[in-house]
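Subject: Handing over the structure

Hello,

Here is the structure I promised to pass on to you. Have a look at it first, and then read on for my notes on what turned up.

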Amino acid sequence: MIELWQAGFVPRPIDDVAQTPPRADEVIWLPPQGSFRFVADPFGLRRDEGLTVFAETWDYRVKRGEIHYFQYDNEHRLIGSGPALITPFHLSYPFLIEEAGDLYMLPEAHKSGVLTLYRCERFPDRWVPVKALLEVPAIDATVVKHDGRWWMFYALPGAERRAMRELHVAYADDLLGPWQPHAANPVRAGLDTSRPGGTPFVRDGRLHLPMQDCVATYGAAINLLRIDTLTPERFCAGPVARLTGEGLLEGYGDGFHTLSGHGGVTFIDVKRLHRSAAEPLIKLQFKLRKALGKR
């Protein structure tokens, strides 16, 4: 079995979608990527009289994620797409940050060994590295400015599904750091609400984090985590809602692991588990590419 994801967006704010899950008929799906390819981890923003979605694209023949962009006009018609950021190592989860007039991206790139912040030099397809914010291989790093301080929520790789069962936090006075680890790391344990899965938002004065539920399978659903206490020394939070991909896209009811939002638009993805007689051939193509140094 292989996982295939499909990403899309809903023209409603993230806090609204979190309270009233989307209907199938209101989701605008990104274009299909073809056989044994998928698009996942969508983040986006409105700019230049349209909407731009950044997402991970994946090909099982290559097995190295890239960040691509998809541009839509105000009628939600696709008007352009292409690569936004490609590196020699895997990229996913292109978390976007706007600060002091600049646009930044903080993609997941744990195989590089560090967490690197990129600044947009030319929208949407030229991003330059600015600084390594953490000297650890952070996974799905999620950043928010809250109560006058920058906070980062992330996972770390390791044995026994560590990337899905431990939540770590860091904090800083400035986006560029220095970032300090939380005194209670890991602040949360368990497969249901430990791996970040989208954009933090405030509801009723409380910070809420979309978190991946990985109990039954990777990215089975989004559990919304409400943070009740957040200081450099203390962390207290609990789940308050759950969203699944059931009924949103035919055949894609096996997972839902991104809930991000910006400017009145919410971005989501859904998963299906796929089995095909062509899988051995796809795996052979990957091995041949790797042997020939074409990854």
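Five strands each supply at least two residues of the lining of the largest pocket: S1 (2-10), S3 (37-47), S4 (50-59), S7 (92-99) and S11 (139-146). Of these, S3 gives the most, with three residues. Please keep in mind as you browse that this is a predicted model.

The space in that largest pocket comes to about 480 Å³. Its lining is made up of 22 residues, and if you want to find the centre, look for Glu56, Trp58, His90, Arg195 and Tyr218, which are the closest to it. By class, the lining of the largest pocket holds nine nonpolar residues, nine charged ones and four polar ones.

Around it are 20 lining residues, with Phe95, Leu96, Thr199, Gly261 and His262 nearest the centre. The elements that contribute two or more residues here are S3, S7, S11 and strand S21 (255-262). S7 has the largest share of this lining, at four residues. As for the kinds of residue, 13 are nonpolar, five are polar and two are charged.

You will find Glu166 in strand S13, which covers residues 166-172. Is Glu166 buried or exposed? Glu166 counts as buried because its relative accessible area is 13%, under the 20% cut-off. Its side chain makes two polar contacts that you can pick out on screen: one with the side chain of Arg162, at 2.9 Å, and one with the side chain of His168, at 3.0 Å. Setting aside neighbours within four places in sequence, Glu166 is also in contact with Tyr154, Ala155, Pro186, Arg188 and Ser194.

Finally, a word on the cysteines. How many disulfides does the model contain? The count comes to zero, taking a disulfide as a pair of cysteine sulfur atoms within 2.5 Å.

Happy exploring, and do write back with any questions.

Best wishes

Methods:
Residues numbered from 1 in each chain as written. Predicted model: local features only at pLDDT ≥ 70, side-chain atom pairs only at ≥ 80, totals over all residues. Heavy atoms only, no water. 1 Å grid on protein atoms, 1.4 Å probe; cavity = no way out; pocket = protein on both sides within 12 Å on 5 of 7 lines; lining within 4 Å. Points joined across faces, edges and corners; volume = space filled by probe spheres on them. Nonpolar A, V, L, I, M, F, W, Y, C, P; charged D, E, K, R; others polar. Buried < 20%, exposed > 50% of the residue type's maximum accessible area, 1.4 Å probe, protein only. Polar contact = N/O pair within 3.5 Å; in protein donor to acceptor, adjacent residues only side chain to side chain. Contact = heavy atoms within 4.5 Å.
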